[in-house]
Amino acid sequence: MTAVRGRRRIPPVAFEETHARQVPGEPRRRETVLGPVKRAVQEILRRLPVGFAPRFGRAFAPLVRHLERRRIYARRLAWTFGRLHPRAPLAAAEQDAAVRRWWQGAGAILAEYATIERLRAAGRLEVDDPHGTLAGLPADAPVVFACVHLGPFELCFESVLNTFGREAVGTWQPEPSRVSNRILHEMRARYGLYVFPPGQRSARHLHRLVIGEGFDAILFVDEVRERQVHLPAFGRPLPERGNASVAIKLALRTGAPVVPIHVLRSSAARYRVHVGAPLDFQRDGAPECATRAGIAALDRHFEPVVRQNLDQWYMLKELRLPDFDPARV
């Protein structure tokens, strides 16, 4: 450990290491057309009151939903919603309204990138910590924060740094658009976040900074891997690889608590960060068994949370349950 908490350290890594290198992107023609539009919209929204951005995103959602309505992912999204909702099966009108809220929330998320670092100062962000977890976190040792893509999920990153006052690094999954990735890179530079894209170099950075330097880790455990979201499992086999495994292995290696957090939109432009109790799982015994126990604990915590808030779960569009048949939907 090189410093105590309270004096914010800058990770000893070039910030450009957090930028996504070449990724499979949109067709160049589409990127050429949409790129300047994305840039212009973000710059405009950054200069407007924070409440405008989510309303702007929601206003365009019906158009996007209509344009995407025949895409397999859009049909699968509606089908999956009907399967996983706690009160399934829903009446047709109720399900359509819930799916409409999902599209509106997805639109708001993209617009809210322009305002993330301003929400706390604007009084739009609350913290729900019923277990008093934050007060009990170690001041001189790392914590592993496990997150899912609920609500404006970038707030998980921003809140750990600037609301909880922690020193943290993590990983992120690049968008299929170079312009979007550059927008995210610049936004994170404004509020001081170091998160690394997939790859061996990033894995080395994460290992060095968490295990060697004592930084906290922030990991989204519902990331897409092999074209699929693996956690929550929703009855499927638990994943053996991916961010959930990385989070638990870091916790086992450092002795860090695993603290689940997620964000929900409480109204059109107000947000709440929910902090769970540190996960309780068997850490003794063989590392493989302890890792599986930790992943199972993550699944037990997040599956009911996601089910109760499907209309705010951005990754619903990436979930592929095994019995979906596009020919019947």
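In which helix does serine 202 lie? Serine 202 belongs to helix 7, which covers residues 200-212, helices (H or I, at least four residues) being DSSP runs numbered from the N terminus. The model is predicted, local features requiring a pLDDT of at least 70 and side-chain atom pairs counting only at pLDDT 80 or more, whereas totals for chains, interfaces and linings use all residues. Residues are numbered from 1 along each chain as its sequence is written, and side-chain values use heavy atoms, with hydrogens and water left out.

Serine 202 is buried, with a relative accessible area of 6%, where buried denotes under 20% relative accessible area, exposed over 50% and partly exposed in between (1.4 Å probe, protein chains only). The side chain of serine 202 reaches the backbone oxygen of proline 197 at 2.5 Å. When neighbours within four places in sequence are set aside, serine 202 is in contact (heavy atoms within 4.5 Å) with Phe196 and Pro197.

Helix 6, formed by residues 178-191, contains 14 residues and extends 20 Å from its first C-alpha to its last, close to the 20 Å expected at 1.5 Å a residue, the expected span being 1.5 Å times one less than the number of residues. The buried residues of helix 6 include Val179, Ile183, Leu184, Met187 and Tyr191, together with Ser180, Asn181, His185 and Arg188. Just after helix 6, glycine 192 adopts a positive phi of about 90°.

Grid points are joined across faces, edges and corners, and a volume is the space filled by probe spheres set on the points. Five cavities of 30 Å³ or more are present in the structure. The largest cavity, with a volume of about 70 Å³, is lined by Arg39, Gln42, Glu43, Arg46, Tyr113, Ile183, Glu186, Met187 and Arg190. Helix 1 (28-46) and helix 6 are the elements that give two or more residues to this lining, which comprises three nonpolar, one polar and five charged residues; here Ala, Val, Leu, Ile, Met, Phe, Trp, Tyr, Cys and Pro count as nonpolar, Asp, Glu, Lys and Arg as charged, and the others, Gly among them, as polar.

The second largest cavity has a volume of about 40 Å³, and its lining divides into four nonpolar, three polar and three charged residues, among them Leu231, Pro239 and Ala244. Helix 8 (243-254) and helix 9 (287-308) each supply at least two residues of the pocket lining, and helix 9 gives the most, with five residues. By class, the lining of this pocket has five nonpolar, two polar and four charged residues.

Isoleucine 295, located in helix 9, is buried, with a relative accessible area of 2%. Apart from neighbours within four places in sequence, isoleucine 295 is in contact with Leu231, Leu238, Pro239, Ala244, Ser245 and Ile248. The C-alpha atoms of isoleucine 295 and valine 246 are separated by 9.7 Å, the two residues being 49 residues apart along the chain.

Technical notes:
A polar contact is a pair of N or O atoms within 3.5 Å; within protein, one must be able to donate a hydrogen and the other to accept it, and residues adjacent in sequence count only if both atoms are side-chain atoms. On a 1 Å grid over the protein atoms alone, a cavity is a set of points where a 1.4 Å probe fits but cannot get out, and a pocket is an open set with protein on both sides within 12 Å along at least five of seven lines; lining residues have an atom within 4 Å of a point.
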